[in-house]
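Q: I'd like a close look at one strand here and then at what goes on around the rest of the chain. Keep it chatty, but give me the cut-offs.

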Amino acid sequence: MIMNINFLPNDSFIEPNGQNIDEVKSLISKVMDLVIENSTNSEQRPFLAQKENYNFDEFSIEGTPTEDILLKLQEILRNSMNPLTPNYIGHMDSMPTLISCLGEFVTTAINNNMLSLEMSPVFSQMEVQVLQKIAKMFGFDEKGGGVMTSGGSLANLQALAVARNHKLQVKEAGLTGLIGQPVILVSEASHTSLHKAAMLLGLGTSSVIAVKSNHNSQMDISDLEKKIIKLLEDGKKPFAVVATAGTTVTGSIDPILSIAETAKKYGLWLHVDAAYGGALVFSEKYRQLLSGIERADSITFNPQKWMYVAKTCAMVLFKNRELLETDFRISAPYMNDTNFTNLGEVSVQGTRHADILKLYLSLQHIGLKGYDQLLNESYLLVEEFVVQVKKRSYIELASEPDTNLCCFRGRPKYLDSKQWDQWNLELQQYLLNEERVFFSLPTYRGDRWLRAVLLNPYTPISTIQKIFSKIDEFYINHHSYKSKSY
């Protein structure tokens, strides 16, 4: 008996027998037209939402006509954050490669489940092989590999879970039998996801010990060793240290090699959070900035950032992927026995989207040479940005950039230093209104800074030069205004 679903719109599903192929093509074409129109006109659209409140709490009883749905979709596209424009340089949100967007459509259409080989026979093997290849690029040998995760936070969580279980031998018994509090050492500039991981792993946020950073926002090796010695004297159990390759605010890269030496000396697991900076393994010229990363026990890497793959696309890699079997795997008895380890048994997530296809297609389409060029172009932009900052005595850098992030702020001498935060806020709004350029405004070391993420491959050097002309204009006009007001 065939189920009667005539009450549904003809394009609710793609019928297996292909009888509604015309309706399917029509709907896909209309949606694609909206997406293409939105993307190709992104330079003319604002990059921040123009509305603050939306109403999505009404559900249709009889179903909404397709044309009305397309109008709603058009409004959604128009009002969403717009990272495609070359003037959007405020966050680590890249414009995605077109092939990764199309790959997303492919994976959602066939809807395989990365839980097991049986449910995703092609993608499961693709994930294992591609991640082993990338692990080798980071300097791991044939034992290296890992799994994809839905973002860097989950990658950090899984890395520290394996580190905890392996170093403390608590996979089965848990933490209750331990003597001394287990602790993790991280840079004071590290990502907040490490604190979340510690909380979820039962260690508590107090187990995350902040190590001082130097003037370039890199972990201070001397303070790291002092902290380890003090923790041991206090009866604590340091078991892991996390280096960062591409901090959130300044894009700084910790001295990984020196941290690796210290980790080895005290028998600590070394995890490198290279969610952003990990892309440098694809650069012949700049990969040396990651020197020492090959000595890590685990690495977080997010191609969804500097490799322009559509979200989400992240991974956690291990020097010895066998530790996923011994110190993390929970077998799924409802799956068929196979020589291939089902990825849902060795990852934080069971059911997962096949994000691997977006990465694979982007690597195939752009190629290693193309990615090398994209990374090099980013550095040309940040070099020009630093030149412009250093030409102006009233602007300072937060640190010398290691990546394509540049964090800076104005410190006009005609104002008291307590007023500098407000000056930078006003400058941010001025650039947004006058030049339609967006900088984020993070708090760093207690002050507000303007942050540029020079990620968009269509941002020309001339845009940077125009930005600083506008900054000069703001500086002069603001000074003149303040002088008249007294």
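How many bridges join β2 to β4, and do the two run parallel or antiparallel?

A: 5 bridges join β2 to β4, and the two run parallel. Some housekeeping before the details. This is a predicted model, with local features needing pLDDT of at least 70 and side-chain atom pairs counting only at pLDDT 80 or more, while totals for chains, interfaces and linings use all residues. Residues are numbered from 1 along each chain as its sequence is written, and side-chain values use heavy atoms, with hydrogens and water left out. Strands (E, at least two residues) and helices (H or I, at least four) are DSSP runs, numbered from the N terminus. Two strands pair if DSSP finds at least two bridges between them.

Back to β2, which covers residues 182-187. In the pairing with β4, Ile184 has Ala240 as its bridge partner. Strand β3 (residues 208-211) is another partner of β2, with 4 bridges, and that pair runs parallel. There, Val186 stands opposite Ala210. As for cover, 6 of the 6 residues of β2 are buried (under 20% relative accessible area; exposed is over 50%, partly exposed in between, with a 1.4 Å probe and protein chains only). In a regular strand, side chains alternate between the two faces of the sheet. In β2, Pro182, Ile184 and Val186 are buried on one side, and Val183, Leu185 and Ser187 are buried on the other.

Follow β4 (237-244) onward and you get to the loop between it and α8 (256-265), which holds Thr250. Thr250 has a relative accessible area of 2%, so it counts as buried. Its contacts (heavy atoms within 4.5 Å), not counting residues up to four places away in sequence, include Ser217, Ala398, Leu405 and Tyr444. The side chain of Thr250 makes polar contacts with the side chains of Thr247 at 2.9 Å and Ser252 at 2.6 Å. A polar contact here is a pair of N or O atoms within 3.5 Å; within protein, one must be able to donate a hydrogen and the other to accept it, and residues adjacent in sequence count only if both atoms are side-chain atoms.

A salt bridge is a side-chain nitrogen of Lys or Arg within 4 Å of a carboxyl oxygen of Asp or Glu, and the structure holds 17 of them. One is Arg295 with Glu261, whose closest N and O atoms are 2.6 Å apart. That pair links distant parts of the chain: Arg295 is in the loop between β5 (269-273) and β6 (298-301), Glu261 in helix α8, 34 residues apart. Arg295 is partly exposed at 28% relative accessibility, and Glu261 is partly exposed at 43%.

Another salt bridge joins the side chains of Lys358 and Glu104, at 3.2 Å from N to O. Lys358 lies in helix α10 (residues 356-390) and Glu104 in helix α3 (residues 98-110), so the pair ties together parts that are 254 residues apart in sequence. Lys358 is buried at 0% relative accessibility, whereas Glu104 is partly exposed at 23%.

On to Arg45, in the loop between α1 (21-40) and α2. Arg45 counts as buried at 12% relative accessibility, and a polar contact of 3.0 Å joins its side chain to that of Asn38. Leaving aside neighbours within four places in sequence, Arg45 touches residues including Leu77, Asn82 and Arg436.

Last, the rings. Rings of Phe, Tyr and Trp (its six-membered ring) pair if their centres lie within 6.5 Å, and planes under 30 degrees apart count as stacked, over 60 as edge-to-face and the rest as tilted. The whole structure has 20 aromatic pairs. Tyr88 and Phe438 have ring centres 5.7 Å apart and planes at 20°, so they are stacked. Tyr88 lies in the loop between α2 (66-79) and α3, and Phe438 in the loop between α11 (420-434) and β10 (443-444), so the pair ties together parts 350 residues apart in sequence. Both residues, Tyr88 and Phe438, are buried. Elsewhere, ring pairs link Tyr394, Tyr414, Trp423, Tyr430, Phe474 and Tyr475 into a cluster.
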